[in-house]
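Here's a quick briefing to read alongside the model. Have the viewer open while you go through it.

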Amino acid sequence: MEENKEIIEKEVTETEAEVAETEVVEEATEEKVVLVENEVKFNYRTMKYLNMYIIKHKKKTFLIYVIFSILTVGVAVYSFIDSYLNSDKPDFIFPVLFVLFAVYMMYQGLTIEKALDKQLDKFFAGKETTIQITEINDECMYVARGTKDEMGEAVKVDWASISEIHEIPDYYYLFMGNNPIVIDKRPQANTKGTVEDLKAIIKEKSLSRKFVRVDKEILKTPIKDDEQVEDLESSEETKEE
């Protein structure tokens, strides 16, 4: 579990840093043409989906655990057969150790989400939710981040700097290298334009760069809406008190 905890802590920290320090092309000083305005709250829900997507699909951490487990079982079987055929007194200590290690690796892989939950609980303890407002058109995006009381200055991000577009049921992740710009696909996230307008822009831009789409739910326990997030966060604050 300590190894799993270190991996999750690193993912949460790196993801927050990547989201907060996304490279920008230039400051948004020119007149803006906005087709879609999208607001994302970097709350428990948003960060859990983002981190789980990066862990499971972008960096394929779970797949790595599975591969190592299979290789370890293979070594255990080979060691067992070799010891049984070539020794008068077969020694099964190493095969058993390999099997136990394989079980441990599978356990680590299967408990990633639970470990992430614990790290996010700590991460959001007493922390104000960051808000991102992204104004989107055919040429570029203007991204501003801050809190509900104070928004930072919008910066311009050209579509040419977006190398990959990833889509899951509720979010688009627009990657500049390893740095994601998160776009909420839900209708209530658009303060200007429609879901259809957003889809049309993404569809057109996905034709000229890597596009990955995951239709299935990526969480074992889906978080349905922001009201559920508020309930989760308030319950954590109550525990701390």
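This is a predicted model: local features need pLDDT of at least 70, side-chain atom pairs count only at pLDDT 80 or more; totals for chains, interfaces and linings use all residues.

- Strand S7 (residues 171–176) runs antiparallel to S8, and the two pair over six bridges.
- If you want a landmark for the pairing, Leu174 has Ile181 in S8 as its bridge partner.
- Strand S8 (residues 179–184) is largely enclosed by the rest of the structure, because six of its six residues are buried.
- Side chains in a regular strand alternate between the two faces of the sheet.
- In S8, Asn179, Ile181 and Ile183 point one way, while Pro180, Val182 and Asp184 point the other way, and all are buried.

**Nonpolar cores**
- The largest nonpolar core has 23 residues, and Tyr49, Ile168, Tyr173, Val182 and Ile218 have the most contacts inside it.
- Strand S2 (36–42), helix H2 (44–58), helix H5 (112–124) and S7 each give two or more residues to this core.
- H2 gives the most, with eight residues.
- Beyond its neighbours within four places in sequence, Ile218 is in contact with Tyr49, Met52, Tyr53, Lys56, His57, Glu113 and Ile168.
- Another core lies apart from that one; it has 17 residues, including Val157, Trp159, Tyr172 and Ile183.

**Salt bridges**
- There are seven salt bridges in the structure.
- One of them joins Lys48 and Asp117, with the closest N and O atoms 2.6 Å apart.
- Lys48 sits in helix H2 and Asp117 in helix H5, so this pair ties together parts that are 69 residues apart in sequence.
- Lys48 has a relative accessible area of 4%, so it counts as buried.
- Lys156 and Asp158 also meet through their side chains, at 3.9 Å from N to O.
- Here Lys156 is buried at 10% relative accessibility, whereas Asp158 is partly exposed at 23%.
- Arg213 and Asp215 form a salt bridge too, with their closest N and O atoms 2.8 Å apart, and both residues are exposed.

**Asn190**
- Asn190 belongs to strand S9 (residues 190–192).
- With 11% relative accessibility, Asn190 is buried, because the cut-off is under 20%.
- Its side chain makes a polar contact with the side chain of Asn38 at 2.9 Å.
- Setting aside residues up to four places away in sequence, Asn190 touches Val36, Glu37, Asn38, Asp184, Val195 and Leu198.

Methods
Residues are numbered from 1 along each chain as its sequence is written. Side-chain values use heavy atoms; hydrogens and water are left out. Helices (H or I, at least four residues) and strands (E, at least two) are DSSP runs, numbered from the N terminus. Buried means under 20% relative accessible area, exposed over 50%, partly exposed in between (1.4 Å probe, protein chains only). A polar contact is a pair of N or O atoms within 3.5 Å; within protein, one must be able to donate a hydrogen and the other to accept it, and residues adjacent in sequence count only if both atoms are side-chain atoms. Contact means heavy atoms within 4.5 Å. Two strands pair if DSSP finds at least two bridges between them. A nonpolar core is a set of buried Ala, Val, Leu, Ile, Met, Phe, Trp, Tyr and Cys residues joined through side-chain atoms within 4.5 Å. A salt bridge is a side-chain nitrogen of Lys or Arg within 4 Å of a carboxyl oxygen of Asp or Glu.
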